[in-house]
Amino acid sequence: MLERVADQAKRATGAATGRKDAPEIDVSGVTEGVRHGHALKGSDTIFDLKDLTVRYNGQPAVKDVTMDVHENEITALIGPSGCGKSTLIRCFNRMNDLIPTATVEGHCFYHGQDLYDSKVDPVEVRKRIGMVFQKPNPFPKSIFDNVAFGPKVLGLKDVSERVERALRGAALWDEVKDRLDQNAYGMSGGQQQRLCIARCIAVDPDVILMDEPCSALDPISTGKIEDLMLELKEQYSIVIVTHNMQQAARVSNRTAFLIVELSASEKDRWGELVEYDDTDKIFTNPADPRTEDYVTGKVG
Amino acid sequence: MSRRTPEPMSERTRLASSGARAAVVGSMNRQPGGDVAKGNIFFALLLLAVGIAMLALAAVIVQSAIKGAPSFGLHLITDGPSTIFPEKAGFRPAIIGSLYLILGVLILVVPIGVGAAVYLEEYADSTRWWNRLIELNIQNLAAVPSIIYGILGLAFIVRGPLSLGFIALAGSLTLSLLVLPTVIIAAREAVRAVPPSIREGSLALGATQWQTIRRQVLPASIPGIATGVILALSRAIGEAAPLLLVGAATFVTFDPQPLSGGYSAMPVQIFNYALRPQDEFKVVAAAGVILMLVVLLAMNSFAIWLRNRYEQQW
């Protein structure tokens, strides 16, 4: 806990002053996982995107994205509205399949397996790569049934233990353990979002995708969920879309910055990846001037 | 809090403030004439419309109650029809016939109607022309006059391909065709009311589309479907025209069976009594009307209660 606070303070100072000479605090001790401030090594690649392009009705929404996502890290996607961050994150778990007009070109490799290969079943993909949405969407059932739904439909055993573990993992157990049979809609927004996170981790995914999870929540709930994210990354890999730059700076290990490109006739707009690097570097010493303009607030 | 003593005002301030007060006081009072009168007339017309509707309903109820009161008694339900003794005439076979008919309609219409609704909402690609054609046809079928369904039933169910003859099952099939479009439309609305975020949340956990429908969408839409089904049934129970054509014989003295033999139904029996020349039978018919109204009121009230109690606020 103290290390995390110190870590965050160091990051914040680093972002504010542009200096990185604070002493390194190694808290892992297990892997050689190195914390912020240095080039991250020793973390396996779990996602490899190669020239990923998504089109709606033939019109590109996001073009030629090439990046990788690493294990047990928080990877943030930031950028202005309309740059395709949500479209991009939905590629990771084949959720764009649900949109009939969407087509995906390029490759998205997960542990070496192309997710868009014709032999791959999207249902299997989603069992391993879960998603939390912008607006909390609990089911109209009890708290227990919400979290138990995933394990039940996947045929997993020990449903009650999984529910408790998931609720503990989402820092919600103490608040709801006496009212598990109450309707989930009676909870506050922040609690509902943590319930959605619990629901997601109850099926033991490898990856948790979060599409602007805090944008519908108040600052206190946002802070709780950010703390939760930092705990969760010990066990899961997290990709988060956020329009809040400070949030990306606070929680993420790596950050990808996307912008909106216009065609020559200015009729078409799509998103492109500008820069993808360690969060420290993106926020203190970005390589691309467009990134610098965005993170310093010169452009919205 | 202590009240502050007002500071003494200068003459100019006093004049200014009293002028401001005079300008405001009375400026917001209701003005006579013009838009206010139009508003009042409009309101009166609306009240008149509601009054006429209520009056029509009350007239039917009161008229039937007054006319049918002498005949009202338990024998209406327990006794069969009689041509000779109007005071002993009852509706028993008709009631049993109506119950069988409605049971048959319920069994047929729920799986077919809900299945069609789930297909149209969850699986059908609405951009394909044949799916749009199906949707259009269902809307149209809901408005077809009920006698047409009677002719259809006579041609294809009683005679023709199915050749079931004049039995209660044929009546159920005919009535099912009649109310099926209504059930499909109601079930579609109920399924459509479930927000996409629920489906996305379920699919994102690794559930299949069928699991999502069976465990999230359908349970959430059951109140809406139930309400639609009950309203459809209450329409079916009151239909006489199609039943006359598929053989709800006007005079049945025995308790009907669902799969064989003749049958009758409440509306048809009322029709039969009302046609008799003797005045006493008209009284029996009116009593039957009261009976039907009670049943219909009970069914519709139950449907509304069900909807209010279990309706999901998203």
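Tutor: Let's start with one bridge: A:Lys63 has A:Glu272 as its bridge partner, and A:Glu272 sits in β10(A). Bear in mind that this is a predicted model. The two strands in question are β2(A) and β10 of chain A (residues 269-278), which pair in the parallel sense over two bridges.

Strand β2 (residues 59-70) of chain A has another partner too: eight bridges join it to strand β1 (residues 45-56) of chain A, and here the strands run antiparallel. β1(A) and β2(A) make a hairpin with two residues between them. In that turn, A:Asn57 has a positive phi of about 55°.

Now for the packing in the core. The largest nonpolar core holds 84 residues, and those touching the most other members are A:Ala198, A:Ile208, A:Leu209 and A:Ile238. Helix α7 (residues 189-201) of chain A supplies the largest share of this core, six residues. Take A:Ile208 and skip its neighbours within four places in sequence: its contacts are A:Gly130, A:Val132, A:Cys200, A:Leu232, A:Tyr236 and A:Ile238. Another core, of 66 residues, lies apart from that one, and B:Tyr149, B:Leu233, B:Met266 and B:Leu291 are among its members.

You'll find A:Val123 in helix α3 (residues 122-128) of chain A. A:Val123 counts as partly exposed because it has 16 C-beta neighbours inside 10 Å, and a buried residue would need 20 or more. Leaving out residues up to four places away in sequence, A:Val123 touches B:Gly206 and B:Thr208. Within chain A, A:Val123 and A:Met95 are 28 residues apart in sequence, with a C-alpha to C-alpha distance of 9.9 Å.

That brings us to chain B, which has twelve helices and zero strands. The C-alpha trace of chain B spans about 105 × 65 × 40 Å along its principal axes. Its radius of gyration is 30 Å, whereas a compact globule of 314 residues would come out near 20 Å. As for burial, 34% of the 314 residues of chain B count as buried. Among the contacts in chain B with a separation of 6 or more, 75% come from residues 24 or more positions apart.

Methods: Residues numbered from 1 in each chain as written. Chains lettered and ligands numbered in written order. Predicted model: local features only at pLDDT ≥ 70, side-chain atom pairs only at ≥ 80, totals over all residues. Core = buried A, V, L, I, M, F, W, Y, C linked by C-beta atoms within 7 Å. Buried ≥ 20, exposed ≤ 12 C-beta atoms within 10 Å, placed from the backbone. Helix = DSSP H or I, 4+ residues; strand = E, 2+ residues; numbered from the N terminus. Contact = placed C-beta atoms within 7 Å. Rg over C-alpha atoms; globule rule 2.2 N^0.38 Å. Pairing = 2+ DSSP bridges.
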